[in-house]
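Open your viewer and keep the selection tool ready. We will go from stop to stop.

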Amino acid sequence: MDIESNGHSPASDEGDEGLPLRTYAERAYLDYSMYVINDRALPHVGDGLKPVQRRIVYAMSELGLTATAKYVKSARTIGDVLGKFHPHGESACYEAMVLLAQPFSTRYPLVDGQGNWGAPDDPKSFAALRYTEARLAAVAELLLGELGQGTVDYVPNFDGVLSEPELLPARLPVVLLNGSTGIAVGMATDIPPHNLREVANACIRLIDRPATTTAELMEDIRGPDFPTDAVITTAPEEMRIAYETGRGSVRARARYGRENGDVVITGLPYQASPSKILEQIAAQMQAKKLPMLTDIRDESDHENPTRLVLTPRSNRVDVERLMSHLFATTDLERNYRLNFNVIALDRRPKVLGLKRMLAEWLKFRTETVRRRLEFRLERIRRRLHVVEGLLIAHVSLDEVIRIIREEDDAKSKLMTRFALSDEQATAILDLRLRQLARLEEAKLEAEKGELLAEAGDLEQTLGSRARMRTLIKQEIAADAERYGDSRRSEFVAATEARPYTEADLVSTEPVTVILSEKGWVRAAKGHDIDPAELSYRTGDGFGAAARGKTSDPCVFFDSTGRAYSVAPHSLPSARGQGEPLSGRLNPPDGSRFVGLAMGQAEQQLLVASTAGYGFVTEIGETVSKTRSGKSVLNVPAGATALPPVPFTQATHVAAVTNTGRLLAFPLGDMPRLSRGKGQKLINIPPKVFKSGEEHVVAVAALGEGNRLVVHAGARYTKLRFRDLTNYLGSRAQRGRLLPRGFQRVDSIAVE
């Protein structure tokens, strides 16, 4: 087809074959979209049903399958639906019927099924339609009770042979009671189920006070009420925003308790499968991510539809923390989207908040009741007209009998003689002889009086908005009393579910981590081991050690100032000689590991370089999540990082050079950084440092109760805090020389 650039074809516009391709495609797509939106995926705000659901319920009512009737094979029902009203797939139609019958899928099932209609474990495990039987549930009367009373319009079915109701005259907002889910073209709907009594109370409140706010309506409708026995943990404020806008989410989690040390789960979130949840938990147990559990069992039966039992390893297991992890990692907690997208009364899809949805339904209900009353009033008037004609016949009974016996066209003669209508004359001619008795005349007079009284009452109701509102409220209250039940989904205030971290899964035990001079690492249980007495590989020896707990972060530092994190519980045992740390990490070429630190994240740490620069940080600031570590200390050219120094209650910092110069100064003079070069601790002339003649050997943090031990070859000296008076000064000073024999210092330590 030759299509011009402006989208118009030179061909004739008569018929689809003459349309431009773009115009035809656009029209076809829009037609299909509107069909899917209006006739398949979205429910109507009036009766809360999609077309296939409406046709199933209507077809069952036409078959006489009321709540008191015998069960009939589902194949009979589906056959009627497909053959008369819904010419689509059999399996899709039957599945829609199944969902209306499953009590764990629909809050108020409209279909009462007999046979295998699926199970919570597998909702699609229902038997074929030739095996199952069904009838309407009693609550379906809310949709069908007023159907034959002129309340709704009828439209031709797909082939024009029959007619079907465009909507069902719902006496309660089923769109909220059972909710709905569906995906249309470019839009979707997700309406959760709600409690019938709560919805009815909210409707009555809105009738009494149209200016009621959504927050006030939520005093009645607190939130969704799912078919399963779960608990809702969404915050009230978050719920209010969702109901005001018509969009949001709601979070539900399983209900559980304690029995004889076990954790017993008695209620699952909506649409959660017990078997799938058990599989999820079992997979974590096999992966050793739940060492605190020893057994899981499914003890569900007829009396206890949901009963999952978890057996903790001991009574010391924190059950609340365990369940928080399971809520975060399994279907024991689920989020449900809220999207109140419905077909409104103007037949357009709209996202309505709670108040607007109830207001729309009340408009629909008001119009339905008005049509019902008008229909009844018209029937009364027609009956009154007939009764008046019959009374005329009783007054002139002899003349009526004579005309009927003698006249050839008795009907016309009666109409002329007594000024009767065709309907009245027909009713007189249809009278039986026994109805001509005087007793029947009295009954007619009584019936006329009752009809006149009822007609007057109906006219008053139709003419008064107050009486109409009162009638609607009374009917809503009566239906709520008859069909309502208690709420199943409770609301609880709960913290956000949090999965276990790797540290949570590690038992908290004392451990000593040992680093050799060549960078080999291992861990020993307890703190009573002497690392220097362990055996090392030939040419290797003790380098550094740190004591802590298996749950503490352990950080290794290399000579370039980079820090690396390794979980202590994952290190090899000290019974052997360990393994090279470089096999776990990716340090820069030419670097070597100089020390380590282990403790809580807030543990203070003094880091410094041989150039005499350093700062104070915390272990938590040095933790890295990558094999390549993170740069913590910027080391000047020609210098290397010193072993980190953890401390708790220190007041002063001591720095000593290899030439025996010692400087002690207040800890408060030290900068606190997360990373960087730091500031000068002790003054070393740049020329002297570059020449290699002098550098910082070690730094230490100490308090008044400590002693500083200075090692120089085989010699050592212990300086009490008061002995450091001669070496006290300000940060970045030159320091003073130690006594003779300590001009070649190897290291310092704090006791």
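Which residues form a negative surface patch? Select Asp121, Asp122, Glu279 and Asp298: together they make up that patch. Bear in mind throughout that this is a predicted model.

Glu279 sits in helix α10, which covers residues 274–286. Is Glu279 buried or exposed? Its relative accessibility is 56%, so Glu279 counts as exposed; the cut-off for exposed is over 50%.

Next, select Ser180. This residue belongs to strand β6, residues 180–183. Ser180 is buried because its relative accessible area is 9%, and buried means under 20%. What does Ser180 touch, leaving out residues up to four places away in sequence? Show Pro43, Lys50, Thr189, Asp190 and Ile191.

Phe340 lies in the loop between β14 (333–339) and β15 (341–343). With a relative accessibility of 1%, Phe340 counts as buried.

Last stop: select Ile404 and draw a distance to Phe340, C-alpha to C-alpha. The separation is 66 Å. Along the chain, Phe340 and Ile404 are 64 residues apart.

Terms used
Residues numbered from 1 in each chain as written. Predicted model: local features only at pLDDT ≥ 70, side-chain atom pairs only at ≥ 80, totals over all residues. Heavy atoms only, no water. Patch = residues over 30% accessible without salt bridge, like charges linked within 9 Å, V, L, I, M, F, W, Y side chains within 5 Å. Areas by Shrake-Rupley, 256 points an atom, 1.4 Å probe, with all protein chains shown as cover. Salt bridge = Lys/Arg side-chain N within 4 Å of Asp/Glu carboxyl O. Lys, Arg positive; Asp, Glu negative; His and termini not counted. Charge placed at Lys NZ, Arg CZ, Asp CG, Glu CD. Helix = DSSP H or I, 4+ residues; strand = E, 2+ residues; numbered from the N terminus. Buried < 20%, exposed > 50% of the residue type's maximum accessible area, 1.4 Å probe, protein only. Contact = heavy atoms within 4.5 Å.
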